[in-house]
Amino acid sequence: MPTVHTAQDDQGEVAVSTKPGERLEPAQRHRDFGLSHQIIWDFVSISNHLEDIRRSWAKLFGISGSQWLILMAINDLDQGGGVSVGDVSAKIHAVSTFVTTQTKVLERLGLINRVSSATDGRVVLMSLSDRARQQIAGLSARWEALHAFIFRDFDAQSMSDVKSKLEMLKKRAKTAVARVAVEP
């Protein structure tokens, strides 16, 4: 069996060859564009289903799907000291002005608390209100049942594998956005 030589270019593309010193060509093992195209459509479908779920949860709170997403980002990110608009914006991939506008609405509805940072007055730190925490806690059994249903065929190792592959795809998709933006 021939020895396989690999190299990685500056774009992270792996190339393979069976001869030392031979010009390396990009690996072809993942070049089934029909399959990758279908995977992208599967992501679109999953995203749409998650959006529908998000809107359903939001309706229980009397808020929009986007506001629910912000609420969940604050819940996920806050470790007790509040979370900045910038951190929430990065988590949900939205511009900070949108997050600022929506969090002011959520504050008026009594779902979040907003305070200026003690270390930097320009930064607003947000946390869930007691009311929001109680409402979310009331949904926890339904939430857990939903997650158990969606991920029932995954053990810890396969979840970890999927997570690492999705992280890689997320990074590459971000790079692809930049490439599309600059190419004619």
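This is a predicted model: local features need pLDDT of at least 70, side-chain atom pairs count only at pLDDT 80 or more; totals for chains, interfaces and linings use all residues.
Trainee: How many bridges join S5 to strand S6?

Mentor: Five bridges join S5 to S6 (residues 124-128), and the two run antiparallel. Strands are DSSP runs (E, at least two residues) and helices likewise (H or I, at least four), numbered from the N terminus. Two strands pair if DSSP finds at least two bridges between them. Residues are numbered from 1 along each chain as its sequence is written, and side-chain values use heavy atoms, with hydrogens and water left out.

Trainee: What is the strand order of the open sheet?

Mentor: Strands of a sheet pair through backbone hydrogen bonds, parallel or antiparallel. Here three strands form an open sheet, S4-S6-S5, with antiparallel pairing. S4 (83-84) and S5 (112-116) are the edge strands; each pairs on one side only.

Trainee: At what angle do the axes of H2 and H3 cross?

Mentor: Axes are lines fitted to C-alpha atoms, for helices over the stretch in contact; angles run from 0 to 180 degrees between N-to-C directions. The axes of H2 (residues 65-77) and H3 (residues 85-92) come within 10 Å and cross at roughly 110°. That makes H2 roughly perpendicular to H3 (65 to 115 degrees).

Trainee: Which residues of H2 meet H3?

Mentor: Contact means heavy atoms within 4.5 Å. Leu69, Ile70, Ala73, Ile74, Asp76 and Leu77 of H2 meet Asp87, Val88, Lys91 and Ile92 of H3.

Methods: Angles under 35 degrees count as roughly parallel, over 145 as roughly antiparallel, 65 to 115 as roughly perpendicular and the rest as oblique.
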